[in-house]
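Here is a friendly walk through one chain, meant to be read with the structure open beside it. We will go from the sheet to the helix pairs and then on to a hairpin.

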Amino acid sequence: MRTITTTEELKSFCEAAARAPYVTVDTEFLRERTYYPLLCLVQLAYPGDGETDAVLVDPIEGSEMDLAPLYDLFRDHGVVKVFHAARQDLEIFCIEGDVIPEPLFDTQVAAMVCGFGEQVGYETLVRKIAKQSLDKSSRFTDWSRRPLSDAQQRYALADVTHLRVIYEELKAQLDKSGRTKWLAEEMAVLKDPGTYRVDPDNAWQRVRTRTNSAKFLGMVRELAKFREAYAQRKNVPRNRVFKDDALVELASTKPATVQDLGRSRLLLREARKGEIAEGILAAVAAGKEADTADLPQPDRSREKMTVNPALADLLRVLLKAKAEGEGVAQKLIATASELDEIAAGHRDLPALKGWRKEVFGADALKLVNGEIALAAKGSDVILIEL
């Protein structure tokens, strides 16, 4: 097992990897005590079976190492960057290096397209495609501690060595079925930098509330904005500032003084004084003073939906039949809420666009418009033109 700790070593490996058609990538990180993930290890491999084509890049042991050669490789459009369940890995590289690898191939999404089920795990693909088993004993270890054990290093390296076999098999299946463009559509969200950056002004949209009045949401907005900005600035988890239930309580009680904060049932003790307390009181004051025209408006579209339950159930039957017939995970095609929205007359939905329209959306619209019917033929569900 080879571990890279210097810029020169990393540059040499990345130059070799740049001559390969693809490179597999994984990371180990921690974020329990921070807002931004702490990168602890990067695993890399390219096609081959020697000792030089798979490495561990250790930014902790190599604290002086510059990751620029890796980011240059990520920008090289001649080399496909292969991940499994890439979102959290990509967040790290987007924040740390202001780069998103491209071209990008996510084997979890590819496996869903190829019929392996919903959000299939890496271990399952290793077992089914690579015909190997994984030692899971190191999965939840502290990756920031050094030295790494042999078991940790083997576990980490397996995340990219088996991934080569998985990628080649899934790519072959996609090429054979003509579904490569389906995967490309799915990668668009992962390649968008906005996916990984949280704007404090929009943080309120992540908070679940039972009250949808504009004034109440305005208070939630200001409190969530302060919490997010503070968490980002101090690099602490937002829940360490105060949790969602405390935020909703504060939006309801509208404390005006430090003494008022002391009467909160849910606010952490550390948040009742100092900079956090000052921020809370300022946020509440801003919420009270907000212009009525500037208050956030709740999304009431689902409240106004008139859903025919029977029609929604027919769409579910159609989805299940289409997914089974195409060998694609149902949730990748359409969510349960999208089916309700289609039944209620909504049309600007992902399920009715792109490859999903070809597989399901076009027939879904025919079904709700009364142009086709569903019937049973043996154990199959078939479509009948009306």
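The report below takes the elements in turn. Please keep in mind that this is a predicted model.

**The sheet**

Let us begin with the strands. Six of them form an open sheet in the order E1-E4-E3-E2-E5-E6, and the pairing is mixed. Which strands stand at the edges? They are E1 (2–4) and E6 (104–106); each has a single partner strand, so one side of each is left without a neighbour in the sheet. From one strand to the next, the twist averages 30 degrees.

Within this sheet, E2 (residues 22–30) and E3 (residues 38–45) are antiparallel partners, paired over seven bridges. To find the pairing on screen, look for Glu-28, which stands opposite Leu-41 in E3. Helix H1 (residues 7–17) packs on the sheet, where it touches E1, E3 and strand E4 (54–57). The direction of H1 makes about 115 degrees with that of E1.

As background, strands of a sheet pair through backbone hydrogen bonds, either parallel or antiparallel.

Two packed helices are described by the angle between their axes and the distance between the axes.

| Helices | Angle between axes | Distance between axes |
|---|---|---|
| H2 (residues 68–75) and H3 (residues 87–97) | about 115 degrees | 12 Å |
| H5 (residues 122–130) and H6 (residues 150–177) | about 60 degrees | 10 Å |
| H8 (residues 214–234) and H10 (residues 244–253) | about 130 degrees | 9 Å |

H2 and H3 cross in the left-handed sense. On the H2 side the contact is made by Leu-70, Tyr-71, Phe-74 and Arg-75, which meet Phe-93, Glu-96 and Gly-97 in H3. By residue class, this contact holds four nonpolar, one polar and two charged residues.

For H5 and H6, the angle of about 60 degrees makes H5 oblique to H6. The crossing of H5 with H6 is left-handed. What does H5 bring to the contact? Tyr-122, Leu-125, Val-126, Ile-129 and Ala-130 come from H5, and their partners in H6 include Ala-158, His-162, Leu-163, Ile-166 and Glu-169. The residues of the contact of H5 with H6 comprise 11 nonpolar, one polar and two charged.

In the remaining pair, the angle of about 130 degrees makes H8 oblique to H10. Is the crossing of H8 and H10 right-handed or left-handed? It is right-handed. Phe-216, Met-219, Val-220, Leu-223, Ala-224 and Arg-227 in H8 meet a set of H10 residues, among them Asp-244, Leu-247, Val-248 and Ser-252. Nine nonpolar, one polar and two charged residues make up the contact of H8 with H10.

**A listed domain**

An unreviewed UniProt entry lists "domain: HRDC" for residues 213–294. In the model, the chain over residues 213–294 is 68% helix and 0% strand. The end C-alpha atoms of residues 213–294 are 13 Å apart.

**A hairpin**

Ala-376 stands opposite Val-381 in E8. How many residues lie between E7 and E8? The hairpin has two residues between its strands, and Gly-378 in the turn has a positive phi of about 65 degrees.

Key:
Residues are numbered from 1 along each chain as its sequence is written. This is a predicted model: local features need pLDDT of at least 70, side-chain atom pairs count only at pLDDT 80 or more; totals for chains, interfaces and linings use all residues. Side-chain values use heavy atoms; hydrogens and water are left out. Two strands pair if DSSP finds at least two bridges between them. Helices (H or I, at least four residues) and strands (E, at least two) are DSSP runs, numbered from the N terminus. Axes are lines fitted to C-alpha atoms, for helices over the stretch in contact, and angles run from 0 to 180 degrees between N-to-C directions. Contact means heavy atoms within 4.5 Å. Angles under 35 degrees count as roughly parallel, over 145 as roughly antiparallel, 65 to 115 as roughly perpendicular and the rest as oblique. A crossing is left-handed if the near helix is turned anticlockwise from the far one by less than a right angle, and right-handed if clockwise. Ala, Val, Leu, Ile, Met, Phe, Trp, Tyr, Cys and Pro count as nonpolar, Asp, Glu, Lys and Arg as charged, and the others, Gly among them, as polar. UniProt positions are given in the numbering used here, feature names are shortened, and annotations may be inferred rather than shown by experiment.
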